[in-house]
Amino acid sequence: MAHLPSRRRLALAVPVVLSLTASLGFLPTGASAAPGTTSVTRATDAGTLAYVVNTKADHGTIRKVKKAIAEAGGTVVAAYDRIGVLVVHSAAPDFGPKIRAVRGVQSAGATRTAPLSAAGTTDEGAAQVLSRAEAAKIEKASDAAGQSEPLEADQWDLRAIGADKAAAIDPGSKKVTVAVIDTGVDDTHPDLAPNFSASQSANCVGGVADTTPGAWRPYNPAEDYHGTHVAGEIAAARNGIGVAGVAPGVKVAGIKVSDPKDGLFYPENVVCAFVFAADHGVEITNNSYYVDPWLYNCMDDPDQRAIVDAVNRAQLYAQKKGTLSVASAGNSNHDLDSDALEDASSPDDSTPVTRTVDPHECFDVPTQLPGVVTVSATGVKGTKSYYSSYGLGVVDVAAPGGDKYQIPDTPSANGRILSTLPNNAYGFLQGTSMASPHVAGVAALLKSTHPHASPAQLQALLKLQADATSCPTEPYDGDGNGVVDATCVGGKRLNGFFGFGVVNALRAVK
């Protein structure tokens, strides 16, 4: 997406997951600085900033904090009293320090480093729109193969996880909904309209849910195509039109969180999305993004700490209400089990400052939060995609995300993932953004088969039924330039490239 910066999400090592608690007990009162962390001067005196203020979730405390916010020069624009999260706007340069000193405030911080003006995703490269000539070639091959969807011959990814065979047994239940938290979904697309759930869709930009009909659609369909592509991968209907999704019988919803001006996914938007999904009976959310403006949120920084706190409260609320969240692992080809990583992209809403961070102390949100399924990407040959992040104990499972260097035997010979685009179009994308919805689709099939399974049980089933995939026997050279790009550590049942393995849609319905 041309107007967005490169999106690179990283993930969480298992030991950190085990240390996180529902009460945010992992947030230390005096967290030590990560190695080489560089402080960033915030533009708090140049205009209005957005904040999250996190309090004890009782009415008395919240009432007192709201009063203190007004006295400190702030305005509450959204209040999520059930989880103790308030979204606030303030132009006061000392608002953050003042509100953090108020009794009952557990954390508070700015969600931006630049003033509010009067989407960050994990796809790798721009979309390649399918031409009519290319579509005709694929349709001919699909027809010859007896496939139900005209473009299915190019969907190598469905066959890689047995989703084509699974659909013949059980395409998924209409009682299961996957919400795409993203740039918006074009529900008028003929492949999405049959399965779209408008009653579970919203626009959460600004931190307040807008359910006006169509509010969930992309602002600019030519550029904000990401969410529509993701939605098609999950639940494009088997209706004799275009492509098929992994779970073509389930419902799909759209919750738009990308800012219309810069495309970024700010914390208050994502808090709104998780709470809205939970309150509207969504069983699974797909999260192919990281929360801006920080690639990593370091716990020694009060603003970044508050971001982790607020989003974690929201996603834990969703888990308790029965929602499983699936997230992409990132496109930086980083070993996420390393001791230190360089972040040169944060903050991405103003001037980035290069810093070295410990990914066990500085968290990527939401993928590093407890209970979130982290997904790496594979290509048609079944090995790690050249861009996909990895790490032993970090990645939970893997799924097809596409790889331009791994060429399939399909009519288009395109190693990326083919899916829906706005305005009745189709196109190819690659990235862990594309891997995550494959897992969300399989999770939806599992939920259809096991309707009473909890989010934790669904995650366990994803891992248990995945196809165990060993590390490559030869040194890994993802782009074929003769240089070793990554090292896979671990055994067949659990390793850094594939986690517990590549998800299996056919097993999900058996």
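Tutor: Let's start with one cut-off: a residue counts as buried when its relative accessible area is under 20%. Please keep in mind that the model above is predicted.

Student: Then is F196 buried or exposed?

Tutor: F196 has a relative accessible area of 14%, so it is buried. W216 is buried too, because its relative accessibility is 4%.

Student: How many aromatic pairs does the structure hold?

Tutor: There are 8 aromatic pairs in the structure. In one of them, the ring centres of F196 and W216 are 5.7 Å apart and the planes stand at 40°, so this pair is tilted. It links distant parts of the chain, 20 residues apart: F196 is in the loop between β6 (177-182) and β7 (202-203), while W216 is in the loop between β7 and α7 (226-235).

Student: What kind of aromatic pair do Y476 and F497 form?

Tutor: Y476 and F497 are edge-to-face, with 5.2 Å from centre to centre and 75° between the planes. Both residues lie in the loop between α11 (455-464) and α12 (505-509), so the pair ties together parts that are 21 residues apart in sequence. Y476 counts as buried because its relative accessibility is 7%, and F497 is buried with a relative accessible area of 0%.

Student: Which residues do ring pairs link into a cluster?

Tutor: That cluster consists of Y390, Y476, F497 and F498.

Student: Which residues lie over the faces of Y266 and Y219?

Tutor: R112 lies over the face of Y266, 3.7 Å from the ring centre. Over the face of Y219 you will find K256, at 3.6 Å from the ring centre.

Student: Now the strands, please. How do strands of a sheet pair?

Tutor: Strands of a sheet pair through backbone hydrogen bonds, in a parallel or an antiparallel way. Here, an open sheet of 4 strands runs in the order β2-β3-β1-β4, and its pairing is antiparallel. β2 (74-80) and β4 (105-110) are the edge strands, each pairing on one side only. On average, neighbouring strands of this sheet are turned by 20° against each other, direction ignored.

Student: How many bridges join β2 and β3?

Tutor: β2 pairs with β3 (residues 85-90) over 6 bridges, in the antiparallel sense. To find this pairing in the view, look for V76, which stands opposite V88 in β3.

Student: Which strands does helix α2 touch?

Tutor: Helix α2 (residues 59-71) packs on the sheet and touches β1 (49-55), β2, β3 and β4, with its direction at about 155° to that of β2. Helix α8 (residues 267-279) also packs on the sheet, touching β1, β2 and β3; its direction makes about 25° with that of β2.

Student: And what is the general idea of a nonpolar core?

Tutor: In soluble globular proteins, nonpolar side chains tend to be buried together. The largest nonpolar core here has 64 residues, and I284, V439, V442 and L462 have the most contacts inside it. Helix α10 (residues 432-449) gives the most to this core, with 9 residues. A second, separate core has 41 residues, including F265, A278, A314 and V365.

Student: Where is A444, and what does it touch?

Tutor: A444 sits in helix α10. With a relative accessibility of 0%, A444 counts as buried. Leaving aside neighbours within four places in sequence, A444 is in contact with V176, V178, A247, V250 and I284. The C-alpha atoms of A444 and A505 are separated by 9.7 Å, and the two residues are 61 residues apart along the chain.

Key:
Residues numbered from 1 in each chain as written. Predicted model: local features only at pLDDT ≥ 70, side-chain atom pairs only at ≥ 80, totals over all residues. Heavy atoms only, no water. Pairing = 2+ DSSP bridges. Helix = DSSP H or I, 4+ residues; strand = E, 2+ residues; numbered from the N terminus. Axes fitted to C-alpha atoms, helices over the stretch in contact; angles between N-to-C directions. Contact = heavy atoms within 4.5 Å. Core = buried A, V, L, I, M, F, W, Y, C linked by side-chain atoms within 4.5 Å. Buried < 20%, exposed > 50% of the residue type's maximum accessible area, 1.4 Å probe, protein only. Phe/Tyr/Trp six-rings, centres within 6.5 Å; stacked < 30°, edge-to-face > 60°. Lys NZ or Arg CZ within 6 Å of the ring centre and 35° of its normal.
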